[in-house]
Amino acid sequence: MVNSVTNLGRSGVFDWMIQRVTAYVLALYTIFLLGFMLTTDVNYESWSALFDQTWFRIFTLMALLSIGAHAWVGLWTVTTDYIKPMGPRFIVQAACGLTMFVYVVWGVQIIWGL
């Protein structure tokens with residue numbers, strides 16, 4: 001078993017739970033957006049009105065954080081399984097972590113207009 005301080009859940013069971021919970025959040029968000037697009041004439045006004053609602057911004061933020069957590073657990077698992085030397089694995093994990101951090105911060109700025 002690989003023991004690393006870079007995994008998110010600190011245990012396999014907790015990582016599994018993170019994957020499942022974030023997958024449900026992402027599935028609900030996707031279903032909602034598909035339903036919205038199918039039942040609404042999507043234009044700038046309707047899209048802007050949707051994102052002006054605080055509950056939807058919070059839901060979008062949950063989806064954004066879920067993408068980050070889901071991707072991190074998945075990429076951590078893949079890199080620990082397939083990149084055995086510690087140096088290259090650390091570089092790949094650091095690059096993935098930095099990229100996800102930048103995307104989450106950028107997404108928060110877009111959602112909340114900061």
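Modeller: What follows takes several labels in turn, and the model is a predicted one.

Colleague: Why is Tyr82 called exposed?

Modeller: The relative accessible area of Tyr82 is 68%, and exposed means over 50%, so the label applies to Tyr82. Tyr82 lies in helix H3, residues 54–82, and UniProt, in an unreviewed entry, lists Tyr82 under "binding site".

Colleague: Why does Asn43 count as partly exposed?

Modeller: Asn43 has a relative accessibility of 32%, and because buried requires under 20% and exposed over 50%, that value falls in between. Asn43 sits in the loop between H1 and H2, where a polar atom of its side chain lies 3.2 Å from the backbone nitrogen of Glu45.

Colleague: How do you know that the span of H1 agrees with its number of residues?

Modeller: At 1.5 Å a residue, the 28 residues of H1 should span 40 Å, and the end C-alpha atoms are 40 Å apart, so the two values agree.

Colleague: What covers the buried residues of H1?

Modeller: The cover includes helix H2 (44–51) and H3, and the buried residues of H1 include Val25, Tyr29, Leu33 and Phe36.

Colleague: What makes up the largest nonpolar core?

Modeller: Seven residues make up this core, namely Tyr29, Leu33, Phe36, Leu50, Phe56, Phe59 and Ala63, with helix H1 (12–39) and H3 as the elements that give two or more residues to it. Leaving aside neighbours within four places in sequence, Phe59 is in contact with Val25, Leu28, Tyr29 and Phe32.

Key:
Residues are numbered from 1 along each chain as its sequence is written. This is a predicted model: local features need pLDDT of at least 70, side-chain atom pairs count only at pLDDT 80 or more; totals for chains, interfaces and linings use all residues. Side-chain values use heavy atoms; hydrogens and water are left out. UniProt positions are given in the numbering used here, feature names are shortened, and annotations may be inferred rather than shown by experiment. Helices (H or I, at least four residues) and strands (E, at least two) are DSSP runs, numbered from the N terminus. Buried means under 20% relative accessible area, exposed over 50%, partly exposed in between (1.4 Å probe, protein chains only). A nonpolar core is a set of buried Ala, Val, Leu, Ile, Met, Phe, Trp, Tyr and Cys residues joined through side-chain atoms within 4.5 Å. Contact means heavy atoms within 4.5 Å. The expected span of a helix is 1.5 Å times one less than its number of residues. A polar contact is a pair of N or O atoms within 3.5 Å; within protein, one must be able to donate a hydrogen and the other to accept it, and residues adjacent in sequence count only if both atoms are side-chain atoms.
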